[in-house]
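I opened this structure to look up its charged pairs and its core. My notes follow in the order I took them.

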Amino acid sequence: MVVVLPSIEFEVGPAEAHSLDRLAGWTLASVNARVWLTEESGGQDVWLLAGDRHVISGAGRVVVESWPQTGALADRPARIRLAPPATSCARQWRWPKFALGAATAMPAG
């Protein structure tokens with residue numbers, strides 16, 4: 001038997017940013033392109049290539065942007081996959097809140 005974790009996939013177009021909330025412990029993966037993300041409250045900037053993953057450490061807001069590409073890939077949106085922590089599949093969990101469209105700047109610090 002194969003147990004497949006639930007996941008969410010969405011696309012971030014060139015020059016777009018998406019803001020996500022309540023993702024502590026979730027895994028964010030870049031499916032097909034380069035992406036940049038940062039976590040609120042002292043999180044580090046993270047750059048992912050296609051196939052790379054990052055586990056979100058804080059419970060605050062996360063901003064995800066498509067990392068500009070060149071040539072034929074310049075207009076291709078980045079596909080992002082979010083998966084909840086494996087341990088949360090044994091108990092009830094909620095989908096994260098999405099703020100689609102341009103994200104507002106996060107305060108430094």
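I started with Arg 81, which forms a salt bridge with Glu 9, the closest N and O atoms being 2.5 Å apart. By salt bridge I mean a side-chain nitrogen of Lys or Arg within 4 Å of a carboxyl oxygen of Asp or Glu. Arg 81 lies in strand 8 and Glu 9 in strand 1, so this pair ties together parts 72 residues apart in sequence. Strands here are DSSP runs of E, at least two residues long, numbered from the N terminus.

I noted the source too: this is a predicted model, where local features need pLDDT of at least 70, side-chain atom pairs count only at pLDDT 80 or more, and totals for chains, interfaces and linings use all residues. Residues are numbered from 1 along each chain as its sequence is written, and side-chain values use heavy atoms, with hydrogens and water left out.

Arg 81 is partly exposed, with a relative accessible area of 32%. Glu 9 is also listed as partly exposed, at 39%. The cut-offs are under 20% relative accessible area for buried, over 50% for exposed, and partly exposed in between (1.4 Å probe, protein chains only).

How many salt bridges does the structure hold? I found three. Arg 79 and Glu 9 meet in one of them, at 3.6 Å from N to O. That pair links strand 8 to strand 1, with its residues 70 apart. Glu 11 and Arg 79 meet in another, at 2.8 Å from N to O. Glu 11 is in strand 1 and Arg 79 in strand 8, so parts 68 residues apart are tied together. Shared partners join Glu 9, Glu 11, Arg 79 and Arg 81 into one network. Arg 79 is partly exposed at 33%, and Glu 11 is partly exposed at 40%.

Then I turned to the core. The largest nonpolar core has 18 residues. Such a core is a set of buried Ala, Val, Leu, Ile, Met, Phe, Trp, Tyr and Cys residues joined through side-chain atoms within 4.5 Å. Leu 28, Leu 37 and Leu 82 have the most contacts inside it. Strands 1, 4, 5, 7 and 8 each supply at least two of its residues.

Terms used:
Helix = DSSP H or I, 4+ residues; strand = E, 2+ residues; numbered from the N terminus.
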